Amino acid sequence: MYSLVLLNGGIGSRVAAGQPKQFIHVNGLPIIVYSLVAADAVDEIDEIVLNYPEGWREDTEKLVIDYAVKTPVTYVVAGASRHESVSLMLPRCKNERVIVHETARPLVGADDFRRIVADPHDNVSFMLPIPFTVAPVEPESAKVTGWLDRGKLRNVQLPQKFRKADLIAAHEYAEREGVEFTEDATLVAVAGSEVYFLDGEDRNFKVTTPTDVRLAGFLLGGEDDDE
Amino acid sequence: MSKSLMVTGASKGIGAAAVERFFHTDNDVTDFILLARESQSFSDFLDKLSADNPHGKRVHPHFIDLADRARIVGLMKDVMSEHGKVDILLNNAGYTSPCAIQQVQFSDFERTIGVNLYAPFTIVQELLHSGNTFELIVNVASTAGMNGRPGWLTYSASKAALITMSEVMKDELAIYGTRVVCISPGRCATDLRKTLAPDEDPSTIMQPEHVAGVIEMLASDLGRFVDSRNLVVRM
């Protein structure tokens, strides 16, 4: 069985409009609801560890109650950084295997969680091919320093799954080395564990700007079914 | 899989006709949770069902005035502890007392909104809060909710609100895979129609059984191919 580490933050402050960014509405529903309902439908997830911004526990709990989420939820206050949040949440997970997801990706579906659970590897992330060219540069001098083979690069998505021990070891490594990672798949790989990828869907994007909120709302409102 | 069907306003008219349709068919609907006010017609209908039950279906009647929101809240808790789920919900109960603007009693307007709008909302919200996942919700609105008619202010307003509420439910409950269907019958030979049009010969207009047939179709696999944002059912 899996514990879901559900990161309830990470949405750009530009979309928050004065309210905690975790509670913005996409297609009329609080953004957090989509991930909770999708995870709740997955039998292999028997625990959700959810973080909340300091001072917003009651509001977070009320959403979980209002949407009658059946999977037991453990609440953990958010850390100062994503790193710290994950480090605070991992010790609260009862299972040896964890799935990491973030509420800022409301287009995740129950089948995405099922697909990653079914993958035979221990540490797996959804990733996307990069359809555009990326250049390495020196920002200070505005100088292009070489080239990157996009065929060997991937856009990192969530959800991801890990052996809890590998993820904890990776976070200890980051602390020891004084390095910050913005997500866990590359961190776990750099820290020495094998990590694999599954091809994700481009619709499972992260909502970070007001345009993203509108795009996600459009996609969640139903596909265009006109001939 | 054994399914449960909850019907409001189940004692007569479209509600009773829909119950009979599902009850007398050999299908997977095994439990009938029937809500109506206590009345002779409800007793007669329940007797009729128990006298002719070829598929051994279970009937669970509940006497309730749907204007009583507190009782709905309590009853939904009882229903969930007794049955564990409601798969199909038919929000059919309707109330009207037609009169001109100057004659509308505010308490009567409140009762109309209470039965026609707040009751279906409360039933759905309470069952969702209890963790119920609906397969299908059918809300029975009316063509009177699409076009206002003089003398029908309270009824038309309540049904217009039910139509738009259904649209919201359809979109919001899509995350559970729930289908929400709204039908707007035109003239149909019910007691409510007699109140709205006392001089009309009911044998000349659409019968409750016809509307029940449409509801049965919407509940079938075929129903998912019908755009039922607001499906007009009329002769």
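I count a residue as buried if 20 or more other C-beta atoms lie within 10 Å of its own, as exposed if there are 12 or fewer, and as partly exposed in between. With that cut-off, buried residues make up 37% of the 235 residues in chain B. I note at the outset that the model I am reading is a predicted one.

**Entry: confidence**

I looked up the predictor's own scores before turning to any geometry. The complex carries an ipTM of 0.76 and a pTM of 0.85. For chain B I find a mean pLDDT of 95, with 100% of its residues at 70 or more.

**Entry: chain B as a whole**

I went through the secondary structure of chain B and found seven helices and seven strands, which from the N terminus on follow the order β-α-β-α-β-α-β-α-β-α-β-α-α-β. The radius of gyration of chain B is 17 Å, close to the 18 Å that the globule rule gives for 235 residues, so chain B is as compact as a globular protein of that length. The C-alpha trace of chain B spans about 50 × 40 × 35 Å along its principal axes.

In which order do the seven strands of the open sheet in chain B stand? I read the order as β3-β2-β1-β4-β5-β6-β7, and the pairing is parallel. The edges are taken by β3 (58-63) and β7 (231-233) of chain B; each has a single partner strand, so one side of each is left without a neighbour in the sheet. Neighbouring strands of this sheet are turned against each other by 20 degrees on average, with direction ignored. Within the sheet I followed one pair in detail, namely strand β1 (residues 3-8) and strand β4 (residues 88-91) of chain B, which run parallel and are joined by three bridges. In this pair B:Leu5 of chain B has B:Ile88 in β4(B) opposite.

**Entry: the sheet of chain A**

I then turned to chain A, where seven strands form an open sheet in the order β5-β4-β1-β6-β10-β7-β11, with mixed pairing. Here β5 (73-77) and β11 (196-199) of chain A stand at the edges, and since each has a single partner strand, one side of each is left without a neighbour in the sheet. The twist from one strand to the next averages 30 degrees.

For the parallel sense I checked strand β1 (residues 2-7) and strand β4 (residues 45-52) of chain A, which pair over five bridges; the bridge partner of A:Tyr2 in β4(A) is A:Ile45. For the antiparallel sense I checked strand β10 (residues 154-163) of chain A, which pairs with strand β6 (residues 97-102) of chain A over four bridges and with strand β7 (residues 124-129) of chain A over five bridges. In β10(A), A:Lys161 is the bridge partner of A:Ile99, and A:Arg154 is the bridge partner of A:Pro129.

Which helix lies across β10 of chain A? I find helix α4 (residues 110-118) of chain A, which runs at about 65 degrees to β10(A) and lies across β1, β4, β6, β7, β10 and β11 of chain A.

**Entry: backbone details in chain A**

Strand β10 of chain A also holds A:Pro159, and a cis peptide bond, with omega of about 5 degrees, joins A:Leu158 and A:Pro159.

I noted a positive phi of about 50 degrees at A:Ala68, although A:Ala68 is not a glycine. A:Ala68 lies in the loop between α2 (57-66) and β5 of chain A. Is A:Ala68 exposed or partly exposed? I have 15 other C-beta atoms within 10 Å of A:Ala68, so A:Ala68 is partly exposed.

For A:Ala142, too, phi is positive in a residue other than glycine, with a value near 55 degrees. A:Ala142 belongs to the loop between β8 (137-138) and β9 (143-144) of chain A. With 7 other C-beta atoms within 10 Å, A:Ala142 is exposed.

**Entry: where the chains meet**

Last, I looked up the contact between the chains, which takes eight residues from chain A and eight residues from chain B.

Terms used. Residues are numbered from 1 along each chain as its sequence is written. Chains are lettered from A and ligands numbered from 1 in the order in which they are written. This is a predicted model: local features need pLDDT of at least 70, side-chain atom pairs count only at pLDDT 80 or more; totals for chains, interfaces and linings use all residues. pLDDT is the predictor's confidence in each residue, from 0 to 100. Two residues are in contact if their C-beta atoms, placed from the backbone, lie within 7 Å. Two strands pair if DSSP finds at least two bridges between them. Helices (H or I, at least four residues) and strands (E, at least two) are DSSP runs, numbered from the N terminus. Axes are lines fitted to C-alpha atoms, for helices over the stretch in contact, and angles run from 0 to 180 degrees between N-to-C directions. The radius of gyration is taken over C-alpha atoms; the globule rule is 2.2 Å times the number of residues to the power 0.38.
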